[in-house]
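Please look over the structure shown here, and then follow the questions and answers about its rings and one of its pockets.

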Amino acid sequence: MADGLLIIGSSQAGVSLATSLRALGHDEPITLLGDENHRPYQRPALSKEWLQGEITNEKLMFRTQEYWAEHRIDVVKNERIIRIDKNDDGSGVAHSMSGADFPFDRLALAVGARARRLLLDGVDLPGVLYLRNADDALELKARVPGVREAVVIGGGFIGLEAAASLARMGRSVTLIEAAPRLVPRAVGEQTSAHLLAHHRAAGLDILLGASVRRIVPRGDRVGGVELADGRVISADLVLVGVGVIPNTELAESIGLVCDNGIRVDESALASDGVTVAVGDCANLPNPVPGAPEGDRVRFESVNNAIE
Ligand SMILES: Cc1cc2nc3c(=O)[nH]c(=O)nc-3n(C[C@H](O)[C@H](O)[C@H](O)COP(=O)(O)OP(=O)(O)OC[C@H]3O[C@@H](n4cnc5c(N)ncnc54)[C@H](O)[C@@H]3O)c2cc1C
């Protein structure tokens, strides 16, 4: 029997690939495999409606169990692929940390990105959190009732969204951004200025151009954040949102060219001409009309993962 397509990563990009292939009439077996112990779910609400308790867990899920069964998409949870043996024709076997093997005729990498970690004193204290996946979000939500003051490090989309949510949930929130404006990588100056005015009016204390020296303890847990100028901002929760790093290790291990993501062509084919890479992990030719010849980008967005 054919082994079919193995998609590693069962989030936005992996789910879109599997469901689109079925919609286009692709009939071969599809395995949609991920290392999280949850049914495939959507991340955007984790920092917004879900965190604020406005929607249920079920609303986060992609598709129903019935959909996966009816469309013969084998959804595999909790399997972390640590090694891949790949042949020149694109077939091979993926090996999981659990010892299970997943043979494939064709491989797609939809392995996404992980939260960039801060390398500062105090980052390992209890109460210093990141927000990339459902487990991170569950931990954050569970801690909120015991939090009076929160500090969010990083004024990109995720830090700003989480800070706004925590403020709406009645917490006193200070957001620290090293750049002179909010969301500096993704939006222009006017939008940054609008976001700053809006969120300050909504009660967020926003410090721009501020850098963090260390996280300070209070007893055996987090107690605050010390800035480079010596100020200490008291906190019983610190959320770090300082960007993501694309998960390229598996791709590199099978010899695919990587450079800020897995390099793909306009058809999402990696450098071996047969493995597909999609979503946050992929570095693609800039599709924006008028982009300079040879320009490449790596997007971190739902739209890009779907497209
Ligand atoms: C809190 C939050 C809010 C967001 N809000 C928005 C928003 O409002 N709008 C927007 O456009 N975007 C938003 N994003 C970004 C968006 O969620 C991502 O761009 C999107 O999830 C990318 O999808 P992906 O499938 O490429 O990667 P990911 O979502 O990162 O999924 C990759 C999956 O692969 C798994 N994986 C990795 N390595 C392995 C391995 N070796 N073996 C098995 N599994 C593996 C990972 O655990 C993960 O489940 C948000 C992200 C977060 C975290």
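## Rings and a pocket

Q: Which residue lies over the face of Trp50?
A: This is a predicted model. The ring centre of Trp50 is 3.8 Å from the residue that lies over its face, and that residue is Lys141.

Q: Over the ring of which residue does the charged end of Arg117 sit?
A: A charge counts as sitting over a ring only when it is within 6 Å of the ring centre and within 35 degrees of the ring normal. The charged end of Arg117 sits 3.9 Å from the centre of the ring in question, which belongs to Tyr130.

Q: How do the rings of Tyr67 and Trp68 pair, stacked or edge-to-face?
A: The count of aromatic pairs comes to one. In the pair of Tyr67 and Trp68, the ring centres are 5.3 Å apart and the planes stand at 80°. Because planes over 60 degrees apart count as edge-to-face, the pair of Tyr67 and Trp68 is edge-to-face.

Q: Is Trp68 buried or exposed?
A: Residues under 20% relative accessible area count as buried. Tyr67, at 11% relative accessibility, falls in that class. Trp68 has a relative accessible area of 4%, so Trp68 is buried.

Q: Which element supplies the largest share of the lining of the second largest pocket?
A: The second largest pocket holds about 560 Å³ of space, and among its 30 lining residues Ser267, Ala268, Ala277, Val278 and Glu307 are the closest to its centre. The lining divides into 18 nonpolar, eight polar and four charged residues. Elements that each supply at least two lining residues include strand S7 (106-109) and helix H7 (302-306). The largest share, five residues, comes from H1.

Definitions and conventions: Residues are numbered from 1 along each chain as its sequence is written. This is a predicted model: local features need pLDDT of at least 70, side-chain atom pairs count only at pLDDT 80 or more; totals for chains, interfaces and linings use all residues. Side-chain values use heavy atoms; hydrogens and water are left out. On a 1 Å grid over the protein atoms alone, a cavity is a set of points where a 1.4 Å probe fits but cannot get out, and a pocket is an open set with protein on both sides within 12 Å along at least five of seven lines; lining residues have an atom within 4 Å of a point. Grid points are joined across faces, edges and corners, and a volume is the space filled by probe spheres set on the points. Helices (H or I, at least four residues) and strands (E, at least two) are DSSP runs, numbered from the N terminus. Ala, Val, Leu, Ile, Met, Phe, Trp, Tyr, Cys and Pro count as nonpolar, Asp, Glu, Lys and Arg as charged, and the others, Gly among them, as polar. Rings of Phe, Tyr and Trp (its six-membered ring) pair if their centres lie within 6.5 Å; planes under 30 degrees apart count as stacked, over 60 as edge-to-face and the rest as tilted. Buried means under 20% relative accessible area, exposed over 50%, partly exposed in between (1.4 Å probe, protein chains only).
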